[in-house]
Amino acid sequence: CQREDWASHRVACGVAPAAACAVCARGGTTTAPPCGHGLCAACEYALSKRRKPGRPKCPRCRAPEQSESALILEDEVPLLRARHAAVVRTDAAEARRLLSRAAERCRAAQAWEAAAARRDAGLEGRRSSRRHAVLADLELGEALLGLGDFDGAATSLGRGLPLAEAGAPGELPAATATLWTGLARAQLEIGNAAGAAHSATRATARADAPWQAHHTLGAAQDRLGELRAATAAYRAALAKVGAHDAERATVLFNLGRCCRASGDLGDAVECLRDCLAASPEDGAAARELAVALEAAGDSEAAVATLRKYLVRSPADLETTRALGAILFSRGDLLAAREVFYGLAHRAPDDVDGLVRLGLVHARLGDAREAEIRWRRALALDPACVEARANLAGVRSPAAA
């Protein structure tokens, strides 16, 4: 046998046991065709989407008695085996390897020759080869996206989607809004915000675009600094996301943050309050709401928001630091000193907390204590510019 590996050999050459699926070679077949080459439920479902009337149907022996939903060409077997592995989450590494091999083979010249040899018309063979190449790219892109390989996903989806969209209806796999959203997400993860915005725009242009498409568009525009456009995209996502969807809090947070950054403080406070109500343990939402409230002139509510959150999560150092900063900015120095003392006790190596505690001491007129805190911060982080600048403006008793 000239097949590349034992797994494909035992599937296609009849070595697999009778109880194993003819495509994925795993047990649990749910079909019993006359030829004996049964399929598991996952492969039966996947094959049902690739019906080709009038062609041999069994993936192993080509017996025409196989059910209509099981018709498959031989060069699709590795692709479906990989898809099966990805769906059931059994072997992600094998899924990636097989999908990569299928994509490479479908793009190779010998794949076209093999397809043409199985068909009467060369044009039909060319179309089938192109369809398989696009299908392999889309399947590979989805798998890589699920595996966290965003660079590979962006490459595969970026190659397959334009071809799928340029083909005649029914000739190639459909370029769905979900696939365009996946490409936008991958591009955003690798830092290509402009490409992500373009791909997400293609996704949102479709009537069936999910809320994730609008949310990804908002994230890309947000990263590009287009706050008004990002706010509009986040609003569209909020209109589509379900009222009980677990991700609704994420959409509310990003919408509130963009509203605050663009100066729409009323909507920012409303969105962030809803976000914090939906996710009370979200420290980032509590801090963002406090910033919006302070910007709106309601520092009392900002302090109350952070104190209420810290009752629930007293170990959140970043929120503790934010509370001390707001107290300091509104002139409540004794309360700010108490907060930063508590922070220094829980995290004695927190450089930012030490710098801020020094500022509180300096404002209270205790230059010596301020100098001690800043020297401690500088010892922990010699590159701390703020501590060095503050020390330069204070004369120690010894220097005096």
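Trainee: How are H8 and H9 oriented to each other, roughly parallel or roughly antiparallel?

Mentor: In general, a packed pair of helices is described by the angle between the two axes and by the distance between them. In this predicted model, helix H8 (residues 177–189) and helix H9 (residues 193–204) pack at an angle of about 170°, with axes 8 Å apart. Angles over 145 degrees count as roughly antiparallel, and H8 and H9 are therefore roughly antiparallel to each other. Their crossing is left-handed.

Trainee: Which residues in H8 and H9 meet?

Mentor: From H8, the residues include Trp 180, Leu 183 and Leu 188, and from H9 they include Ala 196, Ala 200 and Arg 202. By class, the contact of H8 with H9 has nine nonpolar, four polar and one charged residues.

Trainee: How many residues has the largest nonpolar core, and which have the most contacts inside it?

Mentor: The largest nonpolar core has 52 residues, and Leu 323 and Leu 327 are those with the most contacts inside it. Its largest share, seven residues, comes from helix H12 (residues 248–261). A second, separate core of 20 residues includes Trp 180, along with Val 134, Leu 144 and Ala 209.

Trainee: What is the relative accessible area of Arg 257?

Mentor: Arg 257, which is found in helix H12, has a relative accessible area of 21% and is partly exposed. Leaving aside neighbours within four places in sequence, Arg 257 is in contact with Asp 222, Tyr 234, Leu 272 and Glu 288.

Definitions and conventions:
Residues are numbered from 1 along each chain as its sequence is written. This is a predicted model: local features need pLDDT of at least 70, side-chain atom pairs count only at pLDDT 80 or more; totals for chains, interfaces and linings use all residues. Side-chain values use heavy atoms; hydrogens and water are left out. A nonpolar core is a set of buried Ala, Val, Leu, Ile, Met, Phe, Trp, Tyr and Cys residues joined through side-chain atoms within 4.5 Å. Buried means under 20% relative accessible area, exposed over 50%, partly exposed in between (1.4 Å probe, protein chains only). Helices (H or I, at least four residues) and strands (E, at least two) are DSSP runs, numbered from the N terminus. Axes are lines fitted to C-alpha atoms, for helices over the stretch in contact, and angles run from 0 to 180 degrees between N-to-C directions. Angles under 35 degrees count as roughly parallel, over 145 as roughly antiparallel, 65 to 115 as roughly perpendicular and the rest as oblique. A crossing is left-handed if the near helix is turned anticlockwise from the far one by less than a right angle, and right-handed if clockwise. Contact means heavy atoms within 4.5 Å. Ala, Val, Leu, Ile, Met, Phe, Trp, Tyr, Cys and Pro count as nonpolar, Asp, Glu, Lys and Arg as charged, and the others, Gly among them, as polar.
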